[in-house]
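The stops below are given in the order in which to select them.

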Amino acid sequence: MSKPLVAIVGRPNVGKSTLFNKLIGQRLSIVEDTPGVTRDRIYGETDWSGRKFSVIDTGGIEPDSEDIILKQMRFQAQVAIESADVIIFVCDVHAGLTPDDREIALLLAKSGKPIIPCVNKVDGTGDLPLAYYEFYELGLDEDPIPLSSLHGTGTGDLLDRVISYFPEETEEEDDDDIIKVAVIGKPNAGKSSIINRLVGEKRLIVSNIPGTTRDAVDTTIENQYGKYCFIDTAGIRRAGKIDSSIERYSVLRAHMAVERADVCLIMVDAEQGVTEQDEHIAGIAHEAGKASVICLNKWDALEKDSSTAGEATKQVREALAYMPYAPIQFVSAKTGQRVETLYELINQVYCEARKRISTGVLNDLLSDAVTRNQVPSDKGKRLKLYYITQSQVAPPTFVVFCNDAELFHFSYQRYLENCIREAFTFRGTPIKLVIREKGDKEG
């Protein structure tokens, strides 16, 4: 049985993201005193009194807005409401009961879900402010809970109320077989669109305004290929163009998304080719040691001849020379062209990153490599390689013991890495060589 799902909803700037962060115990959702900062649903996990559950932070609902982003935020909040087992409805005691609060209360009442109203920003001690009592006019089944999401007061009462609605606990599903996939790329490369196409539902906000997705969003799916958790990341901008705390924090979140992913889909705009910014973004995945697939998106928009694919591949390989292991796929999130093949590539690179080679086989390879290409020497001292073993997976990491690490030139390390790839492929994943000195046994 999946974990219960709790949605936090309300109009913009009532403190939903602050409450979300307080409940999950980390700064996962962007918090800024600017209406509309949280645009997509943000997922987190927490527990209370031994019950584990997921929490969704939603974009603020503005019932009558015609703004394209605000309309889509309202759609996302509606999806969250439909998915949730329990809904926390957050209002602002300083603003008092507003017409929008009343509209949202009517919308929520139609859902048939348990609704727990919260009056946030009750930050002082002593008697409750008179404005708190206005919220009884919402006419919901539950009494409103006074709350300070900033200080955490009232959250215990709130969580007690939330878990009282959960169904009886049953045996939990094992999530170890879920592949976590971070979709990364510069703004407007098509990250949200590709997930929408892969998942088959309009799960993430999609518009042609660069930077629409500010937060990292998790979308879990199970299909004939397996179980996946897609992490849509904020478009990563160059450091020089990050001039607000919101954007800076989004870049940090993208780094965090890569860190917790098993596989990275690196989205590149095929119309623009690989830019300096793309090189930086792909480098984040490479440095983190993550299995990766390079997706040249918007392939449908190019006028093509027999050499187009070859030229595009060459440009990618030259620009991303540090990751020749990553497969390239030409896709179109708009038309769906070759998108489904990404599942097989994700599975393949995930397995390759977890491949383990026995020490005996590796040492046979080492012996053969040394025979084919003599080890370097310097000032009469020759490098001696004693043995090699694989110390870990994801990324595959090999420890090579030698007599003098300074003699183990980078070029020979690269040669050894190429020998390992030649024998065992490791497609889609970086591999690491760790050089260790061992006393020269031959004196």
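Start at the hairpin of E15 and E16: four residues lie between the strands, and Ala394 there has a positive phi near 50°. Strands (E, at least two residues) and helices (H or I, at least four) are DSSP runs, numbered from the N terminus. This is a predicted model, in which local features need pLDDT of at least 70, side-chain atom pairs count only at pLDDT 80 or more, and totals for chains, interfaces and linings use all residues. Residues are numbered from 1 along each chain as its sequence is written, and side-chain values use heavy atoms, with hydrogens and water left out.

Now select residues 385-392 (E15) and 397-402 (E16), which pair in the antiparallel sense over six bridges; pairing requires that DSSP find at least two bridges between two strands. Gln392 has Thr397 of E16 as its bridge partner.

Next, show helix H11 (residues 359-372) and helix H12 (residues 410-424), whose axes come within 10 Å and cross at roughly 125°. The axes are lines fitted to C-alpha atoms over the stretch in contact, with angles from 0 to 180 degrees between N-to-C directions. On the H11 side, the contact (heavy atoms within 4.5 Å) includes Leu362, Leu365 and Arg372; on the H12 side, Tyr415, Glu422 and Phe424 are among the residues involved.

Last, go to Thr308 in helix H9 (residues 308-319). Is Thr308 buried or exposed? Thr308 is buried, with a relative accessible area of 13%; buried means under 20%, exposed over 50% and partly exposed in between, using a 1.4 Å probe and protein chains only. Leaving aside neighbours within four places in sequence, Thr308 is in contact with Trp299, Leu302 and Glu303.
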